[in-house]
Structures are given as C-alpha cells and as structure tokens.
Amino acid sequence: MDKKPPVVHDSDAELTVGPPKRSAAGLPSLVESLPHSLGQMGPSRMWKSLRALNQKDGFDCMSCAWPDPPERKLAEFCENGAKAVGWEADPLKVPSDFWDGNDVESLAQRSEYWLGQQGRLVEPVYKPAGAGHYRPISWDNAFRIVARELNALDSPDEATFYTSGRTSNEAAFVYQLFVRAFGTNNLPDCSNMCHESTGLALGETLGVGKSAVTYTDFAKADLIIIMGQNPGTCHPRMLTALEEAKLAGASIVAVNPLPEAGLINFKNPQRPRGLVGKGTDLADQFMQIRLAGDMALLQAVSKRVVEAEEAAPGAVLDHAFIEEHCQGLAEFKAHVASLEERDVLAATGLRTAEIDELASRYLRAEKVIITWAMGLTQHKKAVATIKEIVNLLLLRGNIGKPGAGPSPIRGHSNVQGDRTMGIWEKMPEPFLNALQREFGFNPPRQPGADSVDSIRGMRDGRIKVLVALGGNLVHAMSDTTAAEAAVRKTRLSVQISTKLNRSHAVVGEQALILPTMGRTEIDRQASGEQFVTVEDTVCAVHRSAGRLEPISDKVLSEVAIVCRMARAVLGDRVPVDWPGFERNYDSIREHISHVVPGFENFNQKARNRDGFVLPHGPRDERKFPTATGKAIFTVNDLETIQVPPGRLLLQTVRAHDQFNTTTYSMNDRYRGVKKGRLVLFAHRDDLADLGLADGGYVDVHSEADDGVDRVLRQLRLIAYPTARGCVTAYYPEANVLVPLDSTAEGSNTPASKSVVVRLEPAAPPDFGASAH
C-alpha cells in the first residue's frame with residue numbers, strides 16, 4: 001500500500017499531564033495496540049504478523065526476552081510487542097530522494113521519534129568524507145569501503161564492533177567469528193549497558209551468569225520479590241506469569257522508587273475479568289525504596305533471617321544445602337551482624353516495620369524467586385547488590401529447586417543468546433580454544449573494549465572505525481555529549497539497521513548505512529527459506545522465521561551482510577566458508593554445535609517445535625561451576641550515596657510507548673503523560689522544599705567529581721508519588737546527565753539510576769520556534 005510519513009511533532013508543545021494509572025493492560029491495551037499496528041502495517045500485514053508472533057512456527061518478538069509459555073495462546077503477544085512488530089513491519093520506505101532533502105546535520109536536529117517514522121531503509125547509503133549528505137551506493141562498493149578502512153588500520157584493535165540484542169544466534173556467531181578472525185576482541189554490546197552487573201555477580205557466586213529459574217517456576221513459587229523492575233512497560237507478558245503465580249497462592253512484593261501500574265493491578269486482556277472486570281491485584285507489599293537503597297534492604301533482611309536462626313537453631317537456615325553446596329557463611333553472618341539499622345533506614349527511606357514484614361514473608365516461604373532488571377544493575381554498587389540477592393537466597397536453599405532462584409529479566413530479545421554465541425569482549429579461554437580448533441586460526445586472547453571503553457577509545461583517537469550490527473549506540477550510551485563527540489572523531493562509522501535512528505545522524509568522517517531485513521520477514525537464501533534461533537531470559541532456545549515478504553529485494557539479512565563483509569575484509573586469510581554460511585544457515589549451526597556447550601546436535605534441536613533449554617548446573621543439579629565448586633556467600637561493604645542538601649538523586653527510565661531508544665509515540669499512558677517526553681517526575685514535598693511548583697520548568701544539572709556541567713534544559717516538573725529525594729526522567733534524553741566515567745564497580749555499566757542533580761528554575765520553552 002502507498003504510505004506517506006505521518007505528521008510528526010518533535011516538540012512537547014501539546015504536552016498534557018494526568019494522574020498515574022492504577023492498573024495495566026486490559027481493554028486500553030487493545031485499543032492502543034491494534035489500531036497502532038493496523039495504521040503501521042495495514043490489515044493484511046498485521047494479520048500475517050500478529051498471528052505468527054511468538055508462536056512455535058512463527059517468529060520471536062524483537063523486543064523483550066520474556067520466555068514463551070509451554071502452551072501458546074492465540075494472541076501470544078503484549079501491547080508493546082504488537083507495537084514493535086508494527087514499527088518494524090511498516091511498509092513505508094525511505095525513498096532515494098530522501099537523502100537529497102535531509103543532510104546529516106538536519107537529521108541530527110530531529111527527534112528519535114521522527115527518525116523512526118520515516119519508514120524502512122531499503123538501500124545502502126554512503127556519506128563520504130567532507131560531504132554533508134548520504135548517497136545511495138551499491139552493496140559491493142559499500143563492502144569495499146569497509147574493507148579499505150579496516151585493512152588500513154595499524155592494528156585490528158583500532159576498530160570496535162557493536163551488537164544489538166535483537167541479533168539472532170546465527171548472525172551473532174558469524175559476527176564474532178569475523179571480528180576475531182580480523183584480530184580483535186572489541187565486541188561491545190547492549191548487555192554492557194544493562195545486565196553486565198548481573199552476569200558478573202552471578203558468575204562469581206554461582207558459576208553461571210544467567211537466570212536459575214524456568215517459566216513454570218513462577219507459578220510454583222510461594223514468594224516473588226520484584227526489584228528495580230517495571231514489567232508493565234518493559235516486558236508486559238511477565239504480568240501473565242505473575243497473575244498465574246498469584247492465583248496459585250504466591251505472595252508478591254514490589255521494591256521500587258515508583259509505583260508501577262502493572263505491579264498494582266493487572267487486567268489480563270486474555271481473560272473476561274481483565275477486559276470488563278477489576279483484574280488481579282498483584283503486589284501484596286509495595287516498598288517504596290530510595291534509589292540505590294536495595295543493597296541495604298537485602299542485607300537487613302538477611303540479618304533478620306540469621307537472627308531468626310539464632311533464636312531457633314536448626315529451624316530456619318537450610319543447613320544441609322549450605323554444608324554440601326556453599327562456602328563463606330561464617331564470614332557473611334559476622335558481617336551482617338554489624339549492620340546498623342539506622343544506616344539501613346537512611347539508605348532505603350523505609351520503616352523498620354516494612355523491612356520486618358518482608359523478612360517475615362521470606363521466612364514463611366519455602367520457595368522464593370527474586371527477580372530484577374535495570375533498577376538494580378545501573379548503580380555503582382550494582383554487582384555487590386546482586387551478590388546480596390544470592391546471599392539471601394542461599395540462606396534458605398532457594399536455588400536449584402522448583403519455584404525458587406534468582407531471575408534477572410533481560411530487556412532485549414536475544415541479548416542473552418548473543419553473549420552465549422561469543423559476543424563479549426572477555427570470552428573465556430575454553431570458548432576461544434574451541435574456535436581455534438574448529439576454524440584453524442588463533443583468536444586474539446587480550447580482552448577487548450566494552451561499550452563504555454569503546455567510546456573512550458573513540459574519544460582518545462585509539463579507535464578509528466565503528467561497526468554496529470543493529471542498535472543505536474550513540475543514543476543508548478551515557479554522557480550523550482561525550483559519546484557523540486567521540487563517534488564524530490572516527491574515520492568510518494557503519495550502521496546495519498532496519499530504520500533510521502540517532503546513530504545515523506551522529507557519524508564519523510565517512511558513514512555507511514546498510515539496510516537489513518527484520519525479524520518479521522521471510523529470509524530466502526540460495527538453499528531456500530532460512531530460520532534463525534534466539535535464547536530467552538530463562539535459557540530456552542527456539543527457532544524464529546518471518547512471515548512477510550521482504551520490504552525490498554535490495555535489503556540483505558544480517559547473516560548475509562556479515563558474511564559478505566567478512567569476505568571483503570579478510571579474503572582468504574582464514575579458512576572459513578563465508579559463502580556457505582550465507583547460502584545455508586544449517587552450516588552455521590553445525591559449527592555452533594562444535595563450539596558452544598549445550599548446542600550439540602543444534603540443527604536437530606532447533607527443529608523441535610518446543611525448542612530446548614540449555615543446561616544450567618545450579619538450577620538443574622545444584623552444581624556450581626565456580627573456582628571452588630561451591631556457591632559463595634560474599635561480604636559486601638554497604639556504601640550509601642551522599643546527596644548534598646538541596647540536591648536530588650536521578651534515575652532514567654523508559655516511557656510506556658518505547659522500547660530501548662525506539663519511541664512508538666510521545667505518550668507514557670501509565671504515568672499520565674501524553675504528547676511529551678521532556679519531563680521530570682519529583683515528589684511534591686521535595687518541590688516545595690526547593691521552592692518549585694508542579695508544572696514549572698527547570699534546568700537539570702548533574703554534579704560529578706570531574707567538574708563538567710552536564711545539563712538537560714527546560715524540563716517540565718510533574719509532582720509524582722515517587723520516593724522522597726528521588727527524581728525520574730526519560731531515557732535516552734536524560735543520558736546527557738550521566739557521566740561517562742560513572743559506572744558500576746567491576747561491570748563498567750553506566751550508573752544511570754543514581755545521578756546526583758540540582759534543579760535550577762527555567763523559563764518555559766518557546767515551542768513556536770521548534771515545532772515541525
């Protein structure tokens with residue numbers, strides 16, 4: 001069908017604010033998602049796409065990594081999943097003459113929302129050095145440019161190769177193979193900015209950096225503690241699992257600075273009571289914690305558990321489990337015994353009675369799941385905080401039994417699978433050794449640059465070429481001004497993408513955009529139709545095959561792009577059959593089966609309609625592949641962020657109509673915000689103390705030790721029921737306030753959830769000058 005780009009307003013000129021919602025999903029989710037999908041795709045494409053979304057013979061949603069249930073419903077998708085499909089399957093194309101009227105400088109002035117609404121990219125384009133416009137270019141010439149620039153580097157480490165979490169297992173494997181054959185481990189990915197803290201903490205304490213529960217464990221749990229997480233927006237299908245758990249008798253505790261609608265009440269659109277009834281109340285207890293207070297809370301609960309054991313020896317702790325499988329309990333008990341309640345209350349903003357209630361719930365429960373997301377991983381003490389989750393679970397043997405365990409919720413479709421396939425700057429020696437045996441070359445052994453270090457390398461002139469397989473690195477990264485300046489210093493930036501985003505407008509001296517097929521599209525290669533695989537947040541692997549005709553015969557699959565790029569760059573330097581990989585993805589999976597543990601007989605397993613679950617020692621057998629073969633209690637010193645008088649602590653979050661940096665609309669329905677994003681949520685009493693008022697405007701300045709004045713100007717204040725002393729702004733707009741060097745200890749993840757800021761009164765924006 002013929003389609004024109006919608007009229008898009010880049011400003012907040014029509015911003016309206018209402019009260020936050022007290023329930024999620026229900027009829028409003030249908031009203032929002034289906035017309036949106038219909039408007040984006042048209043009736044035929046919508047029907048073909050949505051009926052195949054997350055089905056066993058269909059394609060995997062390109063947004064969150066929430067696992068699929070064993071038995072699928074007719075509509076196995078959420079509101080945001082439908083919007084993600086509509087956004088990708090949009091039949092609108094970016095025409096060749098678009099580039100004549102939109103130079104790079106003008107694109108950089110546009111919002112993320114406007115860029116995404118221009119349609120699908122359908123031809124390679126190139127911006128030469130000194131030019132202001134992209135121009136269409138042939139695929140062969142595009143790959144020659146990449147080869148020329150990469151092969152001209154003095155060292156392979158002068159290039160960095162980013163990966164988005166929507167990349168399939170097959171594309172990720174050939175991508176890391178190409179990069180390591182080129183000679184570097186510079187393989188940053190979006191996990192560096194989200195769950196890197198999780199992987200490090202779980203890896204060091206349990207031996208496996210992944211979730212230790214399955215989908216069915218949620219319905220078997222007695223207690224589910226949800227920390228730093230907003231499933232109603234970030235992974236809405238989780239609400240169904242929580243409802244199932246609640247109806248089976250589980251208690252649910254929500255720990256969050258903000259009251260999130262989905263954790264208050266869920267109106268399941270698949271059930272009559274969800275459409276026309278009152279829905280299901282989920283959280284039995286809401287703990288409105290201050291930002292960065294989670295570590296103190298977890299230690300306080302563990303201290304109460306230890307004290308309960310002392311009061312009733314042998315009746316509280318799981319001594320048999322601890323003696324057989326754990327180490328470090330004595331040191332841990334001594335450490336929590338010294339914890340001061342006043343420090344806990346100051347760090348958390350909670351009352352002693354609230355902590356006592358949580359401890360009582362934990363002590364009564366035989367099977368406990370603790371689940372978390374970015375609200376825990378993006379702090380300076382994120383790794384230590386997640387280790388405290390492990391400590392609490394180990395005390396009563398809540399690992400390696402049905403209905404119990406740690407459950408990080410990955411925020412992007414295949415970010416976990418990409419890491420399994422080797423997308424990591426620090427892959428362990430056994431993986432590299434297996435690559436060497438399989439392909440006959442010696443991969444580099446020196447650890448590479450992660451996402452933050454890649455930006456530092458570009459800033460300092462050490463990294464001269466950026467290649468990005470999907471994603472939107474420049475807008476997802478902290479310290480926006482520094483990140484943009486760094487990318488602009490590169491010799492060449494290459495983006496492999498489906499649609500326009502900010503990273504196409506912030507470029508090196510030369511820039512390439514290479515259009516790729518989406519998850520929704522049929523992938524035909526020389527041997528016939530192909531499928532790919534993904535790994536979800538609970539280690540389950542399954543196939544994905546699109547149902548729509550490709551947007552253009554000029555777009556290539558991610559696998560094809562990577563294989564052709566590898567051939568152009570490497571020639572015959574390594575004995576890898578790149579054309580064979582592109583021709584038939586079974587050949588890729590055959591090599592994966594020889595390299596990656598758990599993927600033996602991969603081609604056969606991948607054709608199982610139910611997929612397969614990867615082995616997980618702690619979950620399956622209570623075997624812990626740490627250095628000592630034991631699960632490890634750790635001692636972590638409590639450190640509270642000192643916020644000076646008159647300052648507040650900022651976190652960045654997604655709006656509801658958003659996935660990562662992709663904006664589907666300018667609305668955040670559950671928080672009552674419509675047609676705007678430049679807002680700051682703050683407690684009414686904090687505003688009063690600062691002499692500010694609801695509806696006023698402020699400039700937000702972050703205060704860091706480096707003395708740089710980072711500022712986000714003219715945000716509208718919204719009096720909101722957040723924790724005292726805490727304010728919230730939208731990601732990625734507020735990334736400009738997060739210093740590049742403010743990262744989690746050990747994981748180097750941007751500390752986007754704990755930024756000290758001051759608010760300065762500002763005049764309202766002049767919307768008439770900026771609205772389009």
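Modeller: Start in the loop between α30 (617–621) and β22 (631–632), where Arg622 lies. This is a predicted model, so read each angle as a computed value. Phi of Arg622 is near 55 degrees, which is positive in a residue other than glycine.

Now go to the loop between β30 and β31, which holds Asn748. Asn748 is not a glycine either, yet its phi is positive, at about 65 degrees. Is Asn748 buried or exposed? Asn748 has a relative accessible area of 14%. The cut-off for buried is under 20%, so Asn748 counts as buried.

Pro732 also lies between β30 (726–730) and β31 (755–762). A cis peptide bond joins Tyr731 to Pro732. Omega there is about 5 degrees.

Next, the packing. The largest nonpolar core has 69 residues. Leu150, Phe161, Phe178, Leu512, Leu514, Met565 and Trp578 have the most contacts inside this core. Helix α8 (residues 169–182) gives the largest share, 10 residues.

Take Leu514 as a way in. Leaving out residues up to four places away in sequence, Leu514 touches Pro124, Trp139, Ala142 and Phe143, among others. Its contacts also include Val494, Gln495, Ile496 and Ser497. Ile561 and Met565 are on the list of Leu514 as well.

Notes. Residues are numbered from 1 along each chain as its sequence is written. This is a predicted model: local features need pLDDT of at least 70, side-chain atom pairs count only at pLDDT 80 or more; totals for chains, interfaces and linings use all residues. Side-chain values use heavy atoms; hydrogens and water are left out. A nonpolar core is a set of buried Ala, Val, Leu, Ile, Met, Phe, Trp, Tyr and Cys residues joined through side-chain atoms within 4.5 Å. Buried means under 20% relative accessible area, exposed over 50%, partly exposed in between (1.4 Å probe, protein chains only). Helices (H or I, at least four residues) and strands (E, at least two) are DSSP runs, numbered from the N terminus. Contact means heavy atoms within 4.5 Å.
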